[in-house]
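I would like to see the criterion set beside the value in each case.

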6 protein chains.
Amino acid sequence: MRIDGRKNEQVRHVKITRNYTKYAEGSVLIEVGETKVLCNASIEEKVPPFLKGSGEGWITAEYNMLPRATHTRKVRDIAKLKLDGRTMEIQRLIGRALRSVVDLKALGEKTIWIDCDVIQADGGTRTSSITGAFVALVDAINKLHKAHPFEIYPIRNFVTAVSVGIVNNEKYIDLCYEEDSKAKVDMNIVMTDTGEFVEVQGTGEEAPFNREELNSLLSLGEKGVKQMITAQKDALKMDALWIGTGDRG
Amino acid sequence: MRIDGRKNEQVRHVKITRNYTKYAEGSVLIEVGETKVLCNASIEEKVPPFLKGSGEGWITAEYNMLPRATHTRKVRDIAKLKLDGRTMEIQRLIGRALRSVVDLKALGEKTIWIDCDVIQADGGTRTSSITGAFVALVDAINKLHKAHPFEIYPIRNFVTAVSVGIVNNEKYIDLCYEEDSKAKVDMNIVMTDTGEFVEVQGTGEEAPFNREELNSLLSLGEKGVKQMITAQKDALKMDALWIGTGDRG
Amino acid sequence: MRIDGRKNEQVRHVKITRNYTKYAEGSVLIEVGETKVLCNASIEEKVPPFLKGSGEGWITAEYNMLPRATHTRKVRDIAKLKLDGRTMEIQRLIGRALRSVVDLKALGEKTIWIDCDVIQADGGTRTSSITGAFVALVDAINKLHKAHPFEIYPIRNFVTAVSVGIVNNEKYIDLCYEEDSKAKVDMNIVMTDTGEFVEVQGTGEEAPFNREELNSLLSLGEKGVKQMITAQKDALKMDALWIGTGDRG
Amino acid sequence: MRIDGRKNEQVRHVKITRNYTKYAEGSVLIEVGETKVLCNASIEEKVPPFLKGSGEGWITAEYNMLPRATHTRKVRDIAKLKLDGRTMEIQRLIGRALRSVVDLKALGEKTIWIDCDVIQADGGTRTSSITGAFVALVDAINKLHKAHPFEIYPIRNFVTAVSVGIVNNEKYIDLCYEEDSKAKVDMNIVMTDTGEFVEVQGTGEEAPFNREELNSLLSLGEKGVKQMITAQKDALKMDALWIGTGDRG
Amino acid sequence: MRIDGRKNEQVRHVKITRNYTKYAEGSVLIEVGETKVLCNASIEEKVPPFLKGSGEGWITAEYNMLPRATHTRKVRDIAKLKLDGRTMEIQRLIGRALRSVVDLKALGEKTIWIDCDVIQADGGTRTSSITGAFVALVDAINKLHKAHPFEIYPIRNFVTAVSVGIVNNEKYIDLCYEEDSKAKVDMNIVMTDTGEFVEVQGTGEEAPFNREELNSLLSLGEKGVKQMITAQKDALKMDALWIGTGDRG
Amino acid sequence: MRIDGRKNEQVRHVKITRNYTKYAEGSVLIEVGETKVLCNASIEEKVPPFLKGSGEGWITAEYNMLPRATHTRKVRDIAKLKLDGRTMEIQRLIGRALRSVVDLKALGEKTIWIDCDVIQADGGTRTSSITGAFVALVDAINKLHKAHPFEIYPIRNFVTAVSVGIVNNEKYIDLCYEEDSKAKVDMNIVMTDTGEFVEVQGTGEEAPFNREELNSLLSLGEKGVKQMITAQKDALKMDALWIGTGDRG
């Protein structure tokens with residue numbers, strides 16, 4: 001039995017609150033157990049220089065932990081004039097994950113900024129960010145779609161993420177902080193609702209892992225992803241209806 | 001009648017949620033109308049260099065708006081490698097306001113960090129930050145006091161803040177964003193529960209103001225401050241009992 | 001009697017030297033007692049992005065203390081890669097003060113940069129900066145006006161500033177450093193020559209202050225402002241003749 | 001057939017030059033095809049603050065591309081005052097990879113700095129960096145071991161890395177730049193000589209990938225890793241003899 | 001005849017005002033023609049890390065141009081977060097020049113900070129800075145010497161600097177800005193009062209120069225240096241008496 | 001006899017490898033004794049703002065030491081967010097040296113970036129950088145000339161550099177690190193193949209030097225420069241044929 005009574009293949013309780021703030025085009029508070037991330041999607045009517053004139057859009061993410069999202073207070077990046085490496089890694093991952101399910105040509109020349117601000121961190125902030133950000137992205141894109149229908153609705157698939165790991169020789173899904181800090185192997189899996197992988201990142205800093213362990217973790221991840229997609233679908237309900245249809249308005 | 005139906009001397013609805021996050025020694029979500037600020041108080045067992053060995057403590061504040069707390073997305077400070085001037089002004093104000101009601105000698109050599117992160121901005125974020133941060137500070141200090149009673153309980157008074165301004169020749173209290181953007185005079189008043197001023201900042205960038213207008217705004221501010229202190233007292237209830245007693249545990 | 005023999009309502013000796021350096025369009029060395037600030041006004045034929053195409057001009061200020069303007073050497077901002085908060089606060093105040101008396105539409109699409117560099121600091125550097133910068137601004141605008149008369153002369157009023165404070169229960173005007181460091185209340189007042197307030201900033205970090213004290217300080221401030229405006233008029237003489245006339249060349 | 005005539009499961013020619021520069025404790029130029037990376041290992045007799053007094057050592061890596069390692073000149077980080085995200089990601093990966101095979105307690109309180117400077121980039125710079133850096137690390141640690149034998153020789157295993165990917169529906173190993181830029185799936189595999197995984201990072205930004213594709217890529221990766229370890233062994237020869245022995249001098 | 005009527009080998013009028021500001025241990029305003037530099041010397045009772053415990057002192061310089069010291073306003077370094085290369089070059093030169101005539105062992109473990117802030121720039125700011133800074137340094141060191149006599153008085157020689165250059169095939173000394181901007185060769189010479197060179201920097205960016213031209217410029221420089229040393233001696237008078245004596249108090 | 005057996009007026013062995021990397025338009029590895037610098041020249045089809053529309057080109061240099069080019073590891077600039085002063089000084093010198101022999105009007109509106117990255121430093125890195133960078137510059141310009149002949153071939157002269165110094169009262173040429181660290185006078189001389197000076201920088205921080213010593217060092221420098229130009233000519237062979245011809249294609 002796990003610290004919080006869960007079964008090995010059971011994710012924590014997921015709560016997705018849409019329209020959490022009033023200005024962002026998409027605004028989602030996602031709570032996965034005690035992890036809480038505010039995911040806002042903002043639409044900007046221009047693209048980065050490398051896409052100007054290409055007809056294609058862009059999705060980019062920024063991730064940040066509020067100073068007291070953790071046990072001890074974390075100094076703000078601006079106080080050190082440096083973005084830390086972990087933050088960079090995570091925000092690049094979120095951006096890639098969301099872009100992987102969006103038809104950027106169909107989106108057209110606009111940028112969608114995803115801001116994931118962690119209000120409370122209890123493990124799994126990067127996977128929760130992806131899961132919540134996807135819902136915020138759908139809301140932002142639907143706002144555009146309702147005002148001026150896209151020729152091709154740009155979201156092709158659901159995308160979500162979950163962590164898996166090996167703790168005390170047990171394979172767990174959706175590790176909380178206490179489990180995570182004792183894990184010998186730690187893996188983040190980003191998948192679509194068609195059961196395909198977008199990103200697999202497994203690390204065995206404490207100890208390397210073998211092919212068999214990797215396979216078990218992947219299988220476990222697939223189970224978790226399904227639970228997360230269910231949570232996204234429950235939150236979006238009818239607002240998910242265009243996803244994957246290539247709807248033409 | 002004002003945009004939202006309030007009377008001139010009426011503050012917006014104030015909601016103070018304590019223990020909003022689980023790690024900070026004091027954690028308050030304050031909502032004043034649609035303005036929402038998360039105020040966390042963190043205790044650090046050391047002081048800045050200029051106080052080392054002095055026996056005195058310190059209270060310092062950091063203020064930040066999440067990128068989409070406002071109508072249009074605000075670029076993060078770290079992306080520009082610069083803290084903007086408005087942010088600096090506000091966080092210095094919050095720090096001074098809180099230090100003005102604390103006996104730093106009684107606190108002893110520790111620093112209390114106040115983090116005010118604005119989740120949604122609809123006017124009055126700096127005054128709401130002070131009002132909410134005070135409650136978080138009380139919770140943090142009480143945590144210390146319950147573990148190891150202070151010789152002298154360090155909080156001497158309540159402190160709170162409210163904005164007043166002149167909009168279309170009407171004098172309003174607690175301006176929302178729409179009012180604030182049309183104000184010809186804008187003033188922030190920080191006061192204690194004994195009716196004394198800690199800070200008065202009035203600006204007439206659009207047009208200067210005369211002594212009579214200044215007096216009316218000060219009187220209006222005093223009314224608003226009382227409403228804010230009532231909200232703080234309602235939130236803290238019995239946990240405010242040591243304030244001003246110089247209690248010796 | 002005060003440290004330097006002044007009466008409570010007496011400002012220090014003010015000396016305003018125009019054309020102090022030869023390149024700036026307006027260049028003033030202001031000396032208020034032993035405080036010395038070089039105030040240069042520079043004209044730039046463009047405006048910040050948010051005003052492009054608006055037909056309006058802009059006035060912005062930068063404030064800086066030379067490293068040894070003070071008792072101990074202050075590390076330069078560039079060595080820390082950070083502008084300190086006090087500097088930001090002051091330069092924002094100077095900019096607001098000057099903009100409050102200028103018709104920016106009449107000025108047209110140009111920026112006037114005000115550089116206030118403190119050569120020696122003995123209290124009151126922010127108020128001296130405003131007082132001196134106004135004279136430099138007049139010189140810079142007159143240079144434009146003489147070359148190509150404005151349709152409407154853009155300066156509507158004189159603006160000046162003075163500090164007041166409570167030291168040892170006495171209310172003083174224009175505090176020198178030694179007085180300032182012992183003040184329990186410290187207030188800066190920015191006013192026009194028509195006796196209206198542009199900015200009022202009062203702080204009681206050491207101890208809060210009551211309404212009556214606030215009133216006395218405001219009255220004292222009004223007296224000081226008059227002395228400062230006299231100094232500005234003595235310095236400008238005939239060059240002040242267009243101020244407030246809305247002169248059309 | 002691949003662009004450069006290789007078979008799908010064939011890595012490029014690997015050349016490892018030890019003692020490439022004369023000051024570093026370990027200095028390796030690794031060439032994998034036309035990719036050239038200088039990997040220097042430097043010993044510092046202290047550890048980062050979080051390890052002070054712990055008795056444990058640390059290994060950390062910095063990665064950098066010289067401005068003209070690529071087709072177009074890359075602006076130096078210092079000119080932008082920002083380390084780019086890709087660089088951060090890579091140097092964190094190199095550090096984790098090397099730490100995973102070192103007994104940091106056995107190493108004792110010292111830091112080994114790994115500097116990977118890319119002189120010419122033709123795909124696979126991160127995997128080549130790991131492969132070359134491991135050899136430089138062995139040389140640096142042997143220098144210590146020869147001077148003052150460790151109680152337990154701290155290197156437990158070889159570690160190396162290789163890239164695999166799907167290009168035009170073919171699964172390739174060790175992609176050169178031209179292949180990499182057309183890959184729909186891109187994976188980096190870090191493994192030990194015992195056939196265990198240290199890190200697996202697979203990304204399908206262009207298109208997601210299924211479990212079967214993932215499995216094929218992993219199998220391909222295992223083949224490539226063997227070739228890389230052979231290259232390391234050929235370079236180190238007798239100097240690899242202590243690895244994994246836990247030798248006590 | 002030169003622009004300002006001077007002869008080729010004649011330096012501009014030099015005015016050295018000591019005790020220009022009241023806080024610095026040495027404070028000199030040097031005016032060379034229309035070039036004005038404030039040179040402050042500050043004593044700090046510690047040394048940089050590389051000298052800790054060595055018994056030796058250090059002298060370091062910072063150079064800065066006020067924004068409107070020049071024809072067009074120069075953006076402050078802090079606004080760009082970068083110290084420009086010319087500034088770095090000059091401040092390193094000033095530091096080397098002063099250290100070359102000071103016995104740092106005799107000075108003991110303290111740092112003297114030299115701040116050269118250019119108030120008005122009309123050519124020759126780096127050489128004027130050296131000439132003025134030396135006088136400020138003498139004043140600061142004498143303040144120490146009078147309070148607690150050094151065993152060995154640490155200043156061994158006068159040091160001063162002058163510029164020479166070739167303009168329209170004429171060889172000029174102490175170039176003003178207008179001359180400098182047309183010079184085909186530009187040289188800065190730093191010398192002691194014993195007629196020895198401390199630093200020679202000649203640049204022919206417009207056109208290279210031959211050995212003969214170099215020799216003429218060096219001879220011209222020697223003449224200029226003598227005039228500058230006379231100005232320093234006139235300013236210091238009796239306060240220069242310990243220089244070079246190795247006086248033991 | 002010198003440390004490495006050389007005669008006083010003998011430079012170290014010089015090896016110039018052209019086309020060292022494959023992407024840069026000019027790429028040279030220069031080895032002078034044990035000093036190794038990679039000099040890459042990159043062509044960019046635009047100029048800095050101050051030259052836009054002028055018809056003139058620009059040449060600019062960046063210099064950098066790899067962290068372990070030296071005895072102890074040097075922290076990267078980006079880790080400190082500051083370019084150090086020595087680096088700035090050197091890269092400005094390299095830029096001036098190369099520009100002095102190029103007809104920038106003939107080059108036309110393009111920028112040539114010179115990147116000098118020091119792989120191993122054993123004294124003379126700045127002079128070696130100039131010597132190597134000139135060869136890389138010739139290669140880059142010839143690439144342009146062969147594709148689209150310049151009306152006037154823009155390189156007017158060879159330029160090269162050498163160091164001289166006084167060590168133990170002996171005058172040496174091309175000092176290695178061990179000699180350099182004991183030198184009482186240190187001078188860098190940049191010259192053309194016509195025997196004219198482009199830059200002379202002599203520093204006597206340890207002790208000042210007299211006119212006679214300066215003359216001997218200049219004469220010695222002239223000898224060294226000849227050896228360096230021979231090395232450049234040997235490396236370039238027929239590819240140097242256009243230099244100085246003002247060839248019109």
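Two strands pair if DSSP finds at least two bridges between them; helices (H or I, at least four residues) and strands (E, at least two) are DSSP runs numbered from the N terminus. This is a predicted model, in which local features need pLDDT of at least 70 and side-chain atom pairs count only at pLDDT 80 or more, while totals for chains, interfaces and linings use all residues. Residues are numbered from 1 along each chain as its sequence is written, chains are lettered from A and ligands numbered from 1 in the order in which they are written, and side-chain values use heavy atoms, with hydrogens and water left out.

Q: What makes β4(C) and β5(C) paired strands?
A: The criterion is at least two bridges, and 8 bridges join β4(C) to β5(C) (residues 111–120), the two running parallel. Within this part of the sheet, E62(C) stands opposite D115(C) of β5(C).

Q: Which strands of the open sheet in chain C are called edge strands?
A: The sheet has 5 strands in the order β1-β2-β3-β5-β4, with mixed pairing. The edge strands are β1 and β4 (58–65) of chain C, each of which pairs on one side only. From one strand to the next the twist averages 15°.

Q: What is meant by saying that helix α4 of chain C packs on the sheet?
A: Contact means heavy atoms within 4.5 Å, and α4 (residues 125–147) of chain C touches β1, β2 (26–32), β3 (35–44), β4 and β5 of chain C. Its direction makes about 35° with that of β3(C), where axes are lines fitted to C-alpha atoms, for helices over the stretch in contact, and angles run from 0 to 180 degrees between N-to-C directions. Helix α6 (residues 211–236) of chain C lies across β1 and β2 of chain C, at about 30° to β1(C).

Q: Why is R6(C) called buried?
A: Buried means under 20% relative accessible area, exposed over 50% and partly exposed in between (1.4 Å probe, protein chains only); R6(C) has 6%, and is therefore buried. R6(C) lies in the segment before β1 (14–18) of chain C, and its contacts include M1(C), V11(C), I173(C) and E179(C).

Q: How do you know that strand β2 of chain F is largely enclosed?
A: Of its 7 residues (26–32), 7 are buried, so the strand is largely enclosed by the rest of the structure. G26(F), V28(F), I30(F) and V32(F) point one way from β2(F), and S27(F), L29(F) and E31(F) the other way. β2(F) pairs in the antiparallel sense with β1(F) (residues 14–18) over 5 bridges, and with β3(F) (residues 35–44) over 7 bridges, again antiparallel.

Q: Why is the pair of F50(B) and W58(B) called edge-to-face?
A: Rings of Phe, Tyr and Trp (its six-membered ring) pair if their centres lie within 6.5 Å, and planes under 30 degrees apart count as stacked, over 60 as edge-to-face and the rest as tilted. By this rule there are 24 aromatic pairs over all chains. F50(B) and W58(B) lie 5.2 Å centre to centre with 85° between the planes, an edge-to-face pair. Y153(B) and W242(B), at 5.8 Å and 35°, form a tilted pair.

Q: What makes K233(A) a charge over the ring of F158(A)?
A: The rule asks for NZ of Lys or CZ of Arg within 6 Å of the ring centre and within 35 degrees of the ring normal. The charged end of K233(A) sits over the ring of F158(A), 5.1 Å from its centre.

Technical notes:
Lists of a residue's contacts leave out its neighbours within four places in sequence.
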